[in-house]
Amino acid sequence: MSNKSNVPTTPGSAIPPDDLRRELVVACSESNLPHIGVVGDTYTVLLSRKDTAGQFCLIDMHVPPGGGPPPHRHDFEETFTVLEGELDATFRGNKLVVRAGETINVPANAPHQFHNSSTQPARLLCICSPSGQEEFFQEVGVPVATRTTAPPKLDEAAQAAFKKKAAALAPKYRTELLEHA
């Protein structure tokens, strides 16, 4: 038997037919993708909700020395693969060092954060499943020119405004900002 995509199917198969409305997506961090400055880091959205039918998003993260998000939690899975450098990751109050070549998965709802306490930038890929976190970053962050362009430094008033905006938007994106990870 065949379906509309001309892919053979087995009668009674539990796997649905190919969705021909969806296209192959090819993404490159150095291309014309959105580069977003958030908390001193630069995040490049490689795959968004629209690319994956909401299943997940993929973000290329450039984290300079001293960078990383504040403690938080959210009701979706988050996986990090460190490509370059290293990060201190705090998970439910326990700290570990995650180095290039290592991957960690943060279960939904678990308090966590990461911080680059080294002297070199870190680069990591982040998968959030389901998608949505990329939209939070786009709404709270600022566009920057490239994958490694640092966002503008915020003075005290701008930092307070950013924190207020992030706290107000967090519930919309199923995220809670915390005092401690």
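**The core and its surroundings**

Guide: In this predicted model, the largest nonpolar core holds 28 residues. Within that core, M61 and F137 have the most contacts.

Start with F137. Setting aside residues up to four places away in sequence, F137 touches I36, V38, Y43, I59 and M61. So F137 and M61, the two residues with the most contacts inside the core, also touch each other, given that contact means heavy atoms within 4.5 Å.

Next, the two helices. The angle between α2 and α3 is about 145°, and their axes lie 10 Å apart. The crossing of α2 past α3 is right-handed. On the α2 side, the residues that meet α3 are F136, E139 and V140. On the α3 side, they are F162, K165, A166 and L169. This contact comprises five nonpolar residues, two charged ones and no polar ones.

A167 also sits in helix α3. Its relative accessibility is 43%, so A167 counts as partly exposed, the range between 20% and 50%.

Now the loops. The loop between β1 and β2 contains V39. V39 is not a glycine, yet its phi is positive, about 45°. The relative accessible area of V39 is 30%, so this residue is partly exposed. R92 lies in the loop between β6 and β7 (94-99). Its phi is also positive, about 50°, and R92 is not a glycine either. R92 has a relative accessible area of 51%, so it is exposed, because the limit for that class is over 50%. Most residues other than glycine have a negative phi.

S48 belongs to the loop between β2 and α1 (49-52). With a relative accessible area of 14%, S48 is buried, because buried means under 20%. Leaving out neighbours within four places in sequence, S48 is in contact with F56, C57 and E134.

G85 is found in the loop between β5 and β6. At a relative accessible area of 31%, G85 is partly exposed. Beyond its neighbours within four places in sequence, G85 contacts V98, R99, A100, P121 and A122. The C-alpha atoms of G85 and R99 are 6.2 Å apart, although 14 residues separate the two along the chain.

The loop between β10 and α2 holds P130. The peptide bond from S129 to P130 is cis, with omega near 0°. Most peptide bonds are trans.

Finally, the whole chain. Its secondary structure comes to three helices and 12 strands. Of its 181 residues, 38% count as buried. The C-alpha trace spans about 65 × 35 × 35 Å along its principal axes. Among contacts with a separation of 6 or more, 70% join residues 24 or more positions apart. The chain exposes about 10400 Å², and carbon and sulfur atoms supply 56% of that area.

Note on methods. Residues numbered from 1 in each chain as written. Predicted model: local features only at pLDDT ≥ 70, side-chain atom pairs only at ≥ 80, totals over all residues. Heavy atoms only, no water. Core = buried A, V, L, I, M, F, W, Y, C linked by side-chain atoms within 4.5 Å. Buried < 20%, exposed > 50% of the residue type's maximum accessible area, 1.4 Å probe, protein only. Axes fitted to C-alpha atoms, helices over the stretch in contact; angles between N-to-C directions. Helix = DSSP H or I, 4+ residues; strand = E, 2+ residues; numbered from the N terminus. Left-handed = near helix turned anticlockwise from the far one by under 90°. Nonpolar A, V, L, I, M, F, W, Y, C, P; charged D, E, K, R; others polar. Areas by Shrake-Rupley, 256 points an atom, 1.4 Å probe, with all protein chains shown as cover.
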